[in-house]
Amino acid sequence: CLMNKERRVEIDSLRAISIISVIVFHLDRSFFPYGYLGVDLFFVISGYLITGSILNDYKKNNFSFYKFYIRRVRRIFPVLLTVLVVVFLSGYIILLTPDFKKFSLSLLTSLGFFSNFYFWITGGYFSTTDELKPLLHLWSLSVEEQFYIFFPILIYLIFKFTKKINFFLILIFIISLISFTINIYFISKGHRD
């Protein structure tokens, strides 16, 4: 099912900026030390586009969880499975047994879309040992997929009880504020250790 929507130049430009900033950050952290924020920009773009798509479908009384999730699976899984198979085979050849066991756990959590928790618990994103984790980059896909799984359910529940967009916006703002506060707490806790 192809979308017949026009490409938006400003969205594509922001995507390019976010991707380029992350690539430059990984090539030389000293050149662009905050380039990792491109991931956050990409999350915002995704959230904006998905929210707009869901709300448009709701307004037309055309939203279907099945269609929504099937579109996500068709878009994500072919590339994800290809990456996981290639990296698995490479890891099997290259890695020592203890390292391969750790890698296999990261592969399973990546396939289940909760590798962000696994990598957070086992080191974090900026640890020196994390540079040797071949699937570390999939933490961001896990975050995005968690959003895709739970956000439509949240919107459905909101619209089931109220059709007022103001309530929706206030609730999203409150959830965002709680999320931001939890984030600041964990960042400050991490800096104290």
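Author: Axes are lines fitted to C-alpha atoms, for helices over the stretch in contact, and angles run from 0 to 180 degrees between N-to-C directions. Helices (H or I, at least four residues) and strands (E, at least two) are DSSP runs, numbered from the N terminus. This is a predicted model, in which local features need pLDDT of at least 70, side-chain atom pairs count only at pLDDT 80 or more, and totals for chains, interfaces and linings use all residues. Residues are numbered from 1 along each chain as its sequence is written, and side-chain values use heavy atoms, with hydrogens and water left out.

Reader: Is the crossing of α2 and α3 left-handed or right-handed?

Author: α2 passes α3 in a right-handed crossing. A crossing is left-handed if the near helix is turned anticlockwise from the far one by less than a right angle, and right-handed if clockwise.

Reader: Which residues of α2 and α3 meet?

Author: From α2 there are I50, S53, I54, D57 and Y58, which meet F65, F68, R71 and R72 of α3; contact means heavy atoms within 4.5 Å. By class, this contact has five nonpolar, one polar and three charged residues. Ala, Val, Leu, Ile, Met, Phe, Trp, Tyr, Cys and Pro count as nonpolar, Asp, Glu, Lys and Arg as charged, and the others, Gly among them, as polar.

Reader: What is in the loop between α2 and α3?

Author: N61 is one of the residues found there, and S64 lies in that loop as well. N61 has a positive phi of about 55° although it is not a glycine. Most residues other than glycine have a negative phi.

Reader: Is N61 buried or exposed?

Author: N61 counts as exposed, at 74% relative accessibility, whereas S64 is partly exposed at 23%. Buried means under 20% relative accessible area, exposed over 50%, and partly exposed in between (1.4 Å probe, protein chains only).

Reader: Where else is there a positive phi in a residue other than glycine?

Author: F113 has a phi near 60°, and it lies in the loop between α4 (97-111) and α5 (115-121). F113 is buried, with a relative accessible area of 10%.

Reader: Let us change topic. How do α1 and α2 cross?

Author: Helix α1 (residues 9-27) and helix α2 (residues 37-59) have axes that come within 8 Å and cross at roughly 155°. The two are therefore roughly antiparallel, and their crossing is left-handed. Among the residues making the contact are I11 and L14 of α1 and F42 and I45 of α2. By class, the contact has 11 nonpolar, three polar and one charged residues.

Reader: And what about α3 and α6?

Author: Helix α3 (residues 65-94) and helix α6 (residues 139-161) pack at an angle of about 175°, with their axes 11 Å apart. They are therefore roughly antiparallel to each other. Their contact has 11 nonpolar, no polar and three charged residues.

Reader: How many helices and strands does the chain have?

Author: The chain has seven helices and zero strands. Of its 193 residues, 28% count as buried.

Notes. Parallel < 35°, antiparallel > 145°, perpendicular 65-115°, else oblique.
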